[in-house]
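The sequence and structure are shown first.

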Amino acid sequence: MSDDGQGQNGREHVPSRQRRRFPGISSRAYEHPADRSALVALRKLSGFDTVFKALSGLLPERSLRLLFLSDSVRVSDAQFAHLNDMLRDACHILDLQKVPPMYVTQDPRPNAMCIGLDEPIIVLTTGLVELLDEEEMRAVVGHEVGHALSGHSVYRTVLLFLTSLALRVAWIPLGNLAIMAIVTALREWFRKSELSADRAGLLVGQDLQASMRGLMKMAGGNHLHEMNVDAFLEQAEEYEAGGDLRDSVLKILNVLPRTHPFTTVRAAELNKWAASRDHQRIMDGHYPRRDEDGDTSVSDSFRQSAANYANEVRQSKDPLMKLVNDIAGGAGDLGERVRRGFAGFAGGAPKDAPRDPDDSHRGDESPYGHD
């Protein structure tokens, strides 16, 4: 359903090409194992839909819908027609029966979101629309439609509300610690759901390079001629494998407050999934169907999630993950390795480490990385 020729405002459209469609596809096909296990468990909870309906009266969702309707531009055949074509195309490819409303709102920061309880709403900022080209935007629209198909908008809205409600009672003894544990777990799920939606975006756009370009632009702005996908992926490799245990701890501290994974990490994860057998099977037409979702097992989903995390630890090049893997494997002399890994926090090198004769002329290196 791609367009030919020139669109509105001189926007150049890519030549029309056939994209594979996935009739009846279940969101389980593309969901990250940690995301999938949480969603399967939530869907299995008896009476959860009733709770949603009850909460919908407490949440400002109707007000939010009226706000977008009154102060943003609703995408349609008459407004942002090229985005409307992309939206319908994404819903057609992922077989989402009801096309969610989509709005463009004035905001120079490039962003997109899918929210809502009764039905999802997709919102794009003008900063994002102006930043991305046709195929890059197609992947983003697919990303948001993937959120809608997975039900992320529903669970995110409810859980964010519950988190906000719980924060009001954080004055209760030990309440703040309990709330922070919930928030931390919630953000970890959010980050995994973003990886799921990136995969949905690839299934819709079916152009890995466009997905990569979009992520690069989110990180470095509209200077594509100055950027390179391979070099960008090398950054992700350096981020994962570089440094020592100090850097591993700092990575954890940096990511904890975020709801989205870092952009280079998202690019590396998507690139890895695109080359996987799971992705190829979907493209060949072999994928879980929506009508089978009721038969899914919560315990099986959790086992798959646990196996995925264990596999990530085994394959990770991060110093801390390597240490965890060695502990699990019963490696010896771990105490010395930990001491060496964290020696920098004390401002000095390990006793056994060779000393650079020029060290006396150097200032102390800050243990803090860039945000």
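## Nonpolar cores

M137 touches L83, M86, L124, L128, V129 and L132, leaving aside residues up to four places away in sequence; contact means heavy atoms within 4.5 Å. This is a predicted model, in which local features need pLDDT of at least 70 and side-chain atom pairs count only at pLDDT 80 or more, while totals for chains, interfaces and linings use all residues. Residues are numbered from 1 along each chain as its sequence is written, and side-chain values use heavy atoms, without hydrogens and water.

With L124, M137 has the most contacts inside the largest nonpolar core, which has 46 residues. Such a core is a set of buried Ala, Val, Leu, Ile, Met, Phe, Trp, Tyr and Cys residues joined through side-chain atoms within 4.5 Å. Buried means under 20% relative accessible area, exposed over 50%, and partly exposed in between (1.4 Å probe, protein chains only). Another core, of five residues, lies apart from the largest one and includes F68, Y103, I115 and V123.

## Helix 10 and helix 12

Helix 10 (residues 229-241) packs against helix 12 at an angle of about 105°, with the axes 8 Å apart. Helices are DSSP runs (H or I, at least four residues), numbered from the N terminus. Axes are lines fitted to C-alpha atoms over the stretch in contact, and angles run from 0 to 180 degrees between N-to-C directions. The two helices are therefore roughly perpendicular, a term for angles of 65 to 115 degrees.

V265 lies in helix 12 (residues 263-274) and is partly exposed, at 25% relative accessible area. Its C-alpha atom is separated by 9.9 Å from that of F232, 33 residues apart along the chain.

Technical notes: Angles under 35 degrees count as roughly parallel, over 145 as roughly antiparallel, 65 to 115 as roughly perpendicular and the rest as oblique.
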